[in-house]
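Subject: Structure handover

Hello,

The structure I promised follows here. My notes on it come after.

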Amino acid sequence: MSETHLDLDSLSRRWLDKAAGELPPLEKQALGHAARRRPVSRDINRAYDDKASLGERLADRVAAFGGSWTFIGLFGVFLAVWTALNLILGRGAFDPYPFIFLNLMLSMVAALQAPVIMMSQNRQAAKDRLDAANDYQVNLKAEIEIMALHDKLEMIRNEQLQSIIERQNEQLELMRRMLDERTAR
C-alpha cells in the first residue's frame, strides 16, 4: 500500500472511527482534501449551469418569467384588453362573450407552462442536492481540520509539559548535588 493510502486510513480511523475503505465517497473525498490541505468547496451553480442543455436553460427562463409579478401584470393587461376589445365590438367581435377562444388559449398556456415550470423545479432540486452534498463535504473537512488542530495543540502542550518536567528534573538534580556538596562539607 502507498504511504498516502496508509495515511488516509490512519486519519480516517482517528477522526471518523472508520477505515478509509468503509467511508462513503463524499467523506473519503473530504478526508483526502483535508489530508492534502486542498480546498473542497466549489461553485455548484456554475458547474451545474455549464452542463445545462438549451431546453433546461429555456425552462429556467420561462419559469423565472412565468412566476414573476411582471408576467402577472402583463397577462392581466392582456386579459383586460382582450375582454374590453371583444365587449366593445359586440356581435362583430372575433371572440364574443363568453370568450371561448380566450379560454382555449388560457388552457393551452397552462398546459404548456406547468410542465416547463416543473422541469425547472426538478433541475433546481437536483442543483440543491448537489449544493447540500458540497456543503456536507465542506463541513466535514472543517470538522477534520479542527480535529487536526486539536491534535497539534495537544502535541505542542505535551511537548511543553515534557520540556518543563525535564527542566524541573535538571533543577532537582542540581539541588540534590548542591545539597550533597553541602552535607559533605
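**Notes on the model**

In helix H2 (residues 25–35), the buried residues include Glu27, Ala30, Leu31, Gly32, His33 and Ala34. Buried means under 20% relative accessible area, exposed means over 50%, and partly exposed lies in between (1.4 Å probe, protein chains only). Helices (H or I, at least four residues) and strands (E, at least two) are DSSP runs, numbered from the N terminus. Arg37 follows H2 and has a positive phi, near 55°.

This is a predicted model, so local features need pLDDT of at least 70 and side-chain atom pairs count only at pLDDT 80 or more, while totals for chains, interfaces and linings use all residues. Residues are numbered from 1 along each chain as its sequence is written, and side-chain values use heavy atoms, with hydrogens and water left out.

The largest nonpolar core has 11 residues: Leu8, Leu11, Trp15, Leu16, Leu23, Ala30, Leu31, Ala34, Leu140, Ile144 and Ala148. Helix H1 (3–16), H2 and H6 are the elements that give two or more residues to this core. H1 gives the most, with four residues. A nonpolar core here is a set of buried Ala, Val, Leu, Ile, Met, Phe, Trp, Tyr and Cys residues joined through side-chain atoms within 4.5 Å. Leaving aside residues up to four places away in sequence, Leu140 touches Leu16, Glu27 and Ala30; contact means heavy atoms within 4.5 Å.

Ile117 is found in helix H6 (residues 100–184). Its relative accessibility is 23%, so Ile117 counts as partly exposed. Ile117 and Ala64 are 53 residues apart in sequence, and their C-alpha atoms are 8.5 Å apart in space.

As for the whole chain, the protein has six helices and zero strands. The radius of gyration is 36 Å, well over the 16 Å that the globule rule gives for 185 residues, so the chain is more spread out than a compact globule. That radius is taken over C-alpha atoms, and the rule is 2.2 Å times the number of residues to the power 0.38. Along the principal axes, the C-alpha atoms fill a box of roughly 135 × 40 × 25 Å. Buried residues make up 23% of the 185 residues. Of the contacts between residues at least 6 apart in sequence, 61% join residues at least 24 apart.

Regards
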